[in-house]
Amino acid sequence: MTKPVDNATIKKMDRDHYLHPFSNLTEMKQVGSRIIERAEGVYLYDSDGHRTLDGFAGLWCVNLGYGRDELSAVAAEQMKQLPYYNSFFGTTNAPAAELAALLKEVTPPQFNHVFFTGSGSESNDTVVRMVRRYWQCQEQPSRKVIISRKNAYHGSTIAGASLGGMGYMHKQDEGLPMQYVEHIDQPYWFAEGGELTPEEFGLERAGQLEQKILELGEDNVAAFIAEPIQGAGGVIVPPASYWPEIQRICRQYNILLVSDEVICGFGRTGHWFGCEHFGVEPDLMSVAKGMTSGYLPMGGVIVSDKVANVLVEKGGDFNHGFTYSGHPVSAAVAVANIKALRDEGLIEEAASGSGAYFRQQLQLLAEHPVVGEVRSVGLVGAIELCADKQSRDFFPDRGATGTLCRLHALENGLVLRATEDTMLFSPPLVISHAEIDEMMTITRASLDHVA
Ligand code: PLP
């Protein structure tokens, strides 16, 4: 493909006109951006000639890896045939219908329906409207509060940011009236577990859900939403005791359980969906990212029979939807992507092939002097950097070491992400053992650099 303009001009256009997401806009005016020109497999290539291993699959999404010609071919073909038509007012299109049926095959048995969106944030907005509609139809309209968790990330729309538990996002604006969203503590044993064993701590944190329901009155609570493994919050893998207790509480108080699978879905944990790793049976799942491996934007809410039957039998009009719900090109790409994940055995690979190898290799870093804990499930993992392994004390200037480590890795050819001093990994599911070795070699060098 010919470049329309030279790199210096691209950088100037970017600096002068482009307001970037989740970025320091003041700083970017001085520093500018790095241009990613192309990508293949697990590698990114920038305009300065650097090759970088993408240990983060873009933003936890390029599960199938880069450069898959069959996905671009499917998109081009679909664009020629039908680039767009809405799925409102009694129309559908073949890829959206095929995708809905394919999702039924790869999701747990309670799921037979999907509502399509354009992103994870829109999926969680849809969750808010759908659970309220469900309770209206059940003649319990007082059930409006959604309980979420501190440090959760559920998106950047007003509802998504409000559901999420990111303090820095809440500080920026007020979001939804907070009487409709309540946050309980996260099951982050390494940082907050104190003297409790992980299992005691898991029960204690799950117990906060019950306390919150009792405090609010169960007739006012609509749903509990959580990521199976909290992603942006720091790949918080909950203790084994946590999810079964959450499930018990939701069932006891008749609270809808929503699994935000935007990161964990489509193989990341070595299961199709993260809830399956923990044996949890949610009523709704929000999805996006790995659904198309990021090749085109698309998301959805996967709806259990329990909810769908009520919406269909008692609901009538559901006044909610997006211009791009069921977009034919995105749907065609999602179908091709899901079939590739399935037919190439990449879910099994993330569980017992490359996922098992990743876990083994990450575990070797646990001995490093600055590492307090390593944890992983499938192909998502984290390393906790800390000043004292025994006491689990973080470095005093929290976040500075993580940034240093991340920048060192980047300079040496590896993209990682850091949440404060927690180094996060989420490579494409197609990563080979040799590429995992490369990722670990660079990571070890970066740990040595900050030690
Ligand atoms: N939910 C989770 C768990 C996420 O990690 C994200 C994005 O990172 C979202 C929702 C929002 O998705 P999107 O950025 O596609 O709106």
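Begin by selecting Gln230 in this predicted model; this residue lies in the loop between β7 (221-226) and α11 (242-252). Is Gln230 buried or exposed? It is classed as buried because 25 other C-beta atoms lie within 10 Å, and the cut-off for a buried residue is 20 or more. Next, display the residues that Gln230 touches, leaving aside those up to four places away in sequence: they are Asn151, Ala152, Gln186 and Ile236.

From Gln230, draw a distance to Ala434. The two residues are 204 apart along the chain, and their C-alpha atoms are separated by 28 Å.

Now colour the two domains. Domain 1 consists of 34-67 + 353-450, while domain 2 covers 71-343. Taken over C-alpha atoms, their centres are 26 Å apart. Where the domains meet, 23 residues of domain 1 are in contact with 22 residues of domain 2. On the domain 1 side of this contact, at least two residues come from each of α3 (57-60), β11, β12 (380-385) and β15 (422-425). Sorted by class, that side holds ten nonpolar, nine polar and four charged residues.

Select helix α18 next, residues 433-450. Its 18 residues reach 26 Å from the first C-alpha to the last, close to the 26 Å expected at 1.5 Å a residue. Which residues of α18 are buried? They are Ile436, Met439, Met440, Ile442, Thr443, Ser446 and Leu447. As a guide to reading this list, an α-helix has 3.6 residues a turn, so residues three or four places apart point the same way. To see what covers the buried residues of α18, show the elements around them, including β3 (51-54), α16 (354-364), β11 (371-377), α17 (400-411) and β13 (414-415).

Follow β1 to its partner β2 (residues 43-46): the two pair in the antiparallel sense over four bridges. Within this pair, Ile36 stands opposite Asp46 in β2.

Which of them come nearest? Ser119, Gly120, Ser121, Gly155 and Val262 do. Helix α6 (residues 120-137) gives the most to this shell, with three residues. Colouring the shell by class shows six nonpolar, seven polar and two charged residues.

Methods. Residues are numbered from 1 along each chain as its sequence is written. This is a predicted model: local features need pLDDT of at least 70, side-chain atom pairs count only at pLDDT 80 or more; totals for chains, interfaces and linings use all residues. A residue is near a molecule or strand if its C-beta atom, placed from the backbone, lies within 6 Å of it. Ala, Val, Leu, Ile, Met, Phe, Trp, Tyr, Cys and Pro count as nonpolar, Asp, Glu, Lys and Arg as charged, and the others, Gly among them, as polar. The expected span of a helix is 1.5 Å times one less than its number of residues. A residue is buried if 20 or more other C-beta atoms lie within 10 Å of its own, exposed if 12 or fewer, and partly exposed in between; C-beta atoms are placed from the backbone. Two residues are in contact if their C-beta atoms, placed from the backbone, lie within 7 Å. Domain bounds come from an automatic or database domain assignment. Two strands pair if DSSP finds at least two bridges between them.
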